[in-house]
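Trainee: I'd like a close look at the ligand and what surrounds it, please. Take it slowly, and then show me a few spots elsewhere in the chain.

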Amino acid sequence: MKFSKCMGRLGEETAFKVLAKAKFLENSGREIIHFEIGETGFDTPEHICEAAKQAIDEGYTHYEPANGILPLREAIAEDVNSRRKVNISADSVVVTPGAKPIMFFGIIACCENDDEVIYQNPGFPIFESVIRFVGAKPVPIPLREENEFRMDIDELKSLVTKRTRMIIINSPHNPTGSVLTEEDLKGISEIAVNNDILVVSDEVYKDILFEGEHKSIMSFDGMTERTILIDGFSKTFSMTGWRLGYGVVPEELAHHITKLMVNSNSCTASFIQRAGIAGLKGPMDEVDYMVSKLKERRDAIVKGLNSIDGISCLKPKGAFYVFPNIKNLVITSDEFENFLLEKVGIAALSGTSFGSYGEGYLRFAYCTSIENIDRAVEKIKDAVKEIKH
Ligand SMILES: Cc1ncc(COP(=O)(O)O)c(C=O)c1O
């Protein structure tokens with residue numbers, strides 16, 4: 001069969017491949033401790049599930065407007081305005097099945113041949129994939145451990161050219177858990193405003209923050225009109241399987257993203273949007289509890305990994321990932337990923353799943369119990385004795 005050229009440029013998300021391999025091993029009787037997939041490990045709060053059930057019972061099982069139902073868009077606008085100190089209207093909000101479509105639609109709508117897009121490397125792999133898909137030029141900005149895996153603002157400045165169309169940021173960050181400081185965000189916003197560049201700001205981990213308050217680039221001078229904000233319900237409310245997310249964008253772009261929804265999904269599921277309203281307007285105690293538990297798990301895994309000869313690990317400020325350095329072991333990240341899965345029964349991801357600057361690192365999503373974390377650490381400690389360092 002013949003396929004279009006752009007399909008050859010589309011990338012993948014390795015987490016799903018490793019999950020499939022880990023499940024295959026499990027089905028053949030092996031015990032696997034899972035650290036590969038980006039889920040909180042908690043259940044969706046009960047009141048959100050109840051709202052979905054009630055919406056089905058009330059007959060909310062039909063098509064809805066392509067950009068989302070007004071009460072949900074209004075609830076999102078209210079939430080965004082109060083948390084980010086901006087003044088956007090429901091017309092800037094587009095609801096989609098998950099946050100991911102906003103990445104795809106936002107880049108398709110704004111970038112094409114010869115446009116340059118600066119993106120974090122290591123970073124969420126779908127960004128580079130979509131930049132290549134639309135034929136734009138991906139320009140990686142390395143995130144270095146020496147800089148706590150944050151962007152270096154002078155380096156960012158040096159990467160900007162007349163063709164830079166977009167800068168993509170993600171804070172708290174997948175895969176490193178790093179968080180951009182207020183000063184970083186100010187520096188990025190000044191570069192964007194001075195050079196007329198759009199900023200995609202992926203804030204899906206904003207509620208999973210262990211220190212300080214979440215800051216959004218959207219709140220800085222001149223930024224609301226040039227920010228494509230990506231957010232959603234998957235991480236905050238443990239709703240990955242529901243598929244509910246949204247973009248907050250300038251109104252003329254909202255119109256184009258709505259057209260892309262019409263051409264692809266038609267709309268986001270009706271009863272799920274109503275469950276989203278219950279999430280935004282309901283109590284946050286279960287989310288707070290989850291974040292406190294994730295913090296305990298972060299502390300356990302950081303301490304454990306740092307106790308292993310040849311491995312060192314920074315303590316991330318947000319999200320639910322650690323990105324330990326394995327450069328003292330004489331093994332590549334891909335080889336170590338395979339070694340851990342096949343020999344040790346631990347599913348984690350090679351740092352290179354997140355771009356070439358991830359070499360020398362591994363990503364662990366620590367969404368499992370402290371007992372499992374401690375067991376995994378002991379197993380790795382034993383196993384690395386086999387590897388030269
Ligand atoms: C940085 C980042 N953005 C977006 C997503 C996708 O979120 P959703 O499940 O809402 O599509 C993920 C999922 O892992 C992510 O890590």
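Mentor: Let's call a pair of N or O atoms within 3.5 Å a polar contact. With that in hand, look at Tyr205: an N or O atom in its side chain is 2.7 Å from an oxygen atom of the ligand. The protein covers 94% of the 400 Å² of accessible area (Shrake-Rupley method, 1.4 Å probe) that the ligand has on its own.

Keep in mind that this is a predicted model: local features need pLDDT of at least 70, side-chain atom pairs need 80 or more, and totals for chains, interfaces and linings use all residues. Residues are numbered from 1 along each chain, and side-chain values use heavy atoms, with hydrogens and water left out.

Now the wider shell. There are 13 residues around the ligand (a heavy atom within 4 Å), and Asn174, Asp202, Tyr205, Lys235 and Arg243 come nearest. By type, the shell has five nonpolar, four polar and four charged residues; Tyr counts as nonpolar here, and Gly as polar. The ligand's space is also the largest pocket, meaning an open set of points on a 1 Å grid, with protein on both sides within 12 Å along at least five of seven lines.

Most peptide bonds are trans, and most residues other than glycine have a negative phi. Yet Asn121 and Pro122 are joined by a cis bond, with omega about 5°, and Pro122 is in the loop between strand S3 (116-121) and helix H6 (125-133). These are DSSP runs, at least four residues for helices and two for strands. Lys85 isn't a glycine, but has a positive phi of about 55°, and lies in the loop between helix H4 (70-84) and strand S2 (93-96).

Finally, find the open antiparallel sheet of three strands, in the order S9-S12-S11; pairing takes at least two DSSP bridges. Strands S9 (321-322) and S11 (349-350) are the edges, each pairing on one side only. S11 is joined by two bridges to S12 (residues 362-365), where Arg363 is the bridge partner of Leu349.

Methods:
Polar contact = N/O pair within 3.5 Å; in protein donor to acceptor, adjacent residues only side chain to side chain. 1 Å grid on protein atoms, 1.4 Å probe; cavity = no way out; pocket = protein on both sides within 12 Å on 5 of 7 lines; lining within 4 Å. Sits in = over half its atoms within 2 Å of the grid points.
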